[in-house]
Amino acid sequence: AHLMARSAYSAAAIPTRTGRGTEYEIFARVTRRLRQVQSGEGGFAALVRALHDNRSLWTTLAADVAVETNELSKPLRAQIFYLAQFTTEHSRRVIAGDATVDILIDINTAVMRGLRGEGEGA
């Protein structure tokens, strides 16, 4: 009975992820894939998939910050929207062979630092 009681409550010991934690995890996953293609893993098909996932993430963010009820400050919302536009345009250049994924990784990494509270003024 003791073992059953302990196992029944063990799942409750797993921490619940916050909104920021979930956003961080999504950025981490997408950025990890960008790093993999940066190192040459998977070829062109993997590059296109990683760029698609990154653009999907940023498109979702752009749609979220475009809503007036979004609680972020207007300047921050504008910056996120601009980064989403930049990501889309830069991804096109990467696919065309005119650019690398480096800046996309840098942007995502900066956002991840902010989500962890490691940004400027944190």
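**Exercise 1.** Does Phe-27 count as buried or exposed, and at what relative accessibility?

*Solution.* The model is predicted, and every value below is computed from it. Step one: take the cut-off, under which a residue is buried if its relative accessible area is under 20%. Step two: Phe-27 has 3% relative accessibility, so Phe-27 counts as buried. Step three: apply the cut-off to Trp-58, which also counts as buried because its relative accessibility is 2%. Across the 122 residues of the protein, 27% count as buried.

**Exercise 2.** Classify the geometry of the aromatic pair in the structure.

*Solution.* Step one: count the pairs; the structure holds 1. Step two: identify the partners, Phe-27 and Trp-58, with 5.6 Å centre to centre and 75° between the planes. Step three: planes over 60 degrees apart count as edge-to-face, and the pair is edge-to-face. Phe-27 belongs to helix α2 and Trp-58 to helix α3, 31 residues apart, and the pair links distant parts of the chain.

**Exercise 3.** Find which elements build the largest nonpolar core and which members touch the most others.

*Solution.* Step one: the core has 24 residues, and those touching the most other members are Phe-27, Leu-34, Leu-51, Trp-58 and Val-101. Step two: two or more residues come from each of α2, α3, α4 and α5. Step three: α3 gives the most, 9 residues. Step four: take Val-101 as an example. Leaving out residues up to four places away in sequence, Val-101 touches Leu-34, Gln-38, Leu-47, Leu-51 and Val-94. As background, nonpolar side chains in soluble globular proteins tend to be buried together.

**Exercise 4.** Characterise the largest pocket by volume, lining and class of residue.

*Solution.* Step one: the pocket holds about 540 Å³ of space. Step two: 18 residues line it, and Leu-72, Leu-76, Ile-80, Val-111 and Leu-115 are the closest to its centre. Step three: assign the lining to elements. At least two residues each come from α2 (19-38), α3 (43-65), α4 (74-96) and α5 (102-115), and α5 supplies the largest share, 5 residues. Step four: sort the lining by class, which gives 12 nonpolar, 3 polar and 3 charged residues.

Note on methods
Residues are numbered from 1 along each chain as its sequence is written. This is a predicted model: local features need pLDDT of at least 70, side-chain atom pairs count only at pLDDT 80 or more; totals for chains, interfaces and linings use all residues. Side-chain values use heavy atoms; hydrogens and water are left out. On a 1 Å grid over the protein atoms alone, a cavity is a set of points where a 1.4 Å probe fits but cannot get out, and a pocket is an open set with protein on both sides within 12 Å along at least five of seven lines; lining residues have an atom within 4 Å of a point. Grid points are joined across faces, edges and corners, and a volume is the space filled by probe spheres set on the points. Helices (H or I, at least four residues) and strands (E, at least two) are DSSP runs, numbered from the N terminus. Ala, Val, Leu, Ile, Met, Phe, Trp, Tyr, Cys and Pro count as nonpolar, Asp, Glu, Lys and Arg as charged, and the others, Gly among them, as polar. A nonpolar core is a set of buried Ala, Val, Leu, Ile, Met, Phe, Trp, Tyr and Cys residues joined through side-chain atoms within 4.5 Å. Buried means under 20% relative accessible area, exposed over 50%, partly exposed in between (1.4 Å probe, protein chains only). Contact means heavy atoms within 4.5 Å. Rings of Phe, Tyr and Trp (its six-membered ring) pair if their centres lie within 6.5 Å; planes under 30 degrees apart count as stacked, over 60 as edge-to-face and the rest as tilted.
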